Amino acid sequence: MTPGRFSLASQVGRVPSMTVPLDARQESRFQRLMEESVMIDLHQHPMVMPEDFSQYWDYLRSDDYVWGYDAVREGGFTAVGTANVFRGMLNTNEMSFIRFSDLLDEISMMISDISRHEDVVQVGSASEIEAAKRQDKVGFLPTVEHLAIGNELNRVDVLYNAGIRLAGLTYSRKAYIGDGIFERNDGGLSEFGVEVVRRMNALGMVVDVSHASFRTAMDAIEASESPVTFSHDGSYTLASDSLQSRRLRRDEELLTCARKGGVIGITAVPNRLSNDPEQSIECVLDHYDYMVKLVGVDHVAIGTDASIGDMVEISRVMLGRTGPAPAPYLNGLESPADGKNIIRGLIVRGYSDEDIGKIAGRNALAFFRRIMG
């Protein structure tokens, strides 16, 4: 589907992307696990991007977006957190400073589009995700990359009433709530930020600290009455030499999150976990292995941060990254359409059916049930 004059990225097969090979016995096991599992991605960007990124700004201004239902279904996902944010770039070149009204517009347009598709459903709780599985529907769980609320606490309620059930506290820069991960002076969670966390707790909205600074994340974990999540992250210890290692998390904060009942989603953004010129799903699976050993399998989940389009170009345009990227894409987990490879890869890595089921979605379901009711 192509709205108006825009040629959009293919939802499936945009570039050659491997299928993790299995033997006959493993293949049979994989098919059974996919039938049984509720597969959840905590953090995804399912807005389909233009094939030609020179059209990106015109596409955002068109108010006519396509959502990647086909990619999500192809990937085997029962439900995905939608990480709404892109429309916010209409009025700023820094994602940390998007306007609340632009964010709300994107959420509204997405939810309106969902209502026009019989095989897609908006979900807002663990039970609704399970119902989507039984009905063989794709579940879109409205979430936001970060709370673009300025200093207005009531906007947390506005987002909740708009369907948002998980929200990042900050993006990369300083906000009224607290500091982002790229701030040079880490001031931690503000007093206003504590009020925001407590309001999110009261509403049943998940607190996501993926882009928070170290101190802000640790403060939020302590202040929150409910468990929190690092929804799309990896291990700094394992990939400290990566060009994007500043976006990875330290063992101390990951362990603190898990001890309070939180979950950690493993990212799959190209060039975040590796500097190799040819990157594959293997570097992502390495982080699953590390995280399971560090915090325990009950606290590990899927959180790809995947987009439908050229993720390297998205990073260049959206995040202002300059210079050549080591790899053009992540082979085997290039988009949401490759999601099944996570299950295939965990089989090859020797995980049990029980543990694969937990990572695929049961951990996320238990986490959501505890917070959202």
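Reader: Which residue stands opposite Q122 in strand 5?
Author: This is a predicted model, where local features need pLDDT of at least 70, side-chain atom pairs count only at pLDDT 80 or more, and totals for chains, interfaces and linings use all residues. Residues are numbered from 1 along each chain as its sequence is written, and side-chain values use heavy atoms, with hydrogens and water left out. Strand 4 (residues 120-122) pairs with strand 5 in the parallel sense over 3 bridges; strands are DSSP runs of E, at least two residues, helices runs of H or I, at least four, both numbered from the N terminus, and pairing takes at least two DSSP bridges. Opposite Q122 stands F140.

Reader: Are the residues on both faces of strand 5 buried or exposed?
Author: In a regular strand the side chains alternate between the two faces of the sheet. In strand 5 (residues 138-141), V138 and F140 lie on one side, with G139 and L141 on the other. Taking buried as under 20% relative accessible area and exposed as over 50% (1.4 Å probe, protein chains only), all four names come out the same way: V138, F140, G139 and L141 are buried.

Reader: Which residue in strand 5 is the bridge partner of G81?
Author: Strand 3 (residues 79-81) runs parallel to strand 5, and 3 bridges join them. The bridge partner of G81 is L141.

Reader: Which helix gives the most to the lining of the largest pocket?
Author: With 5 residues, the top contributor is helix 11 (residues 311-319).
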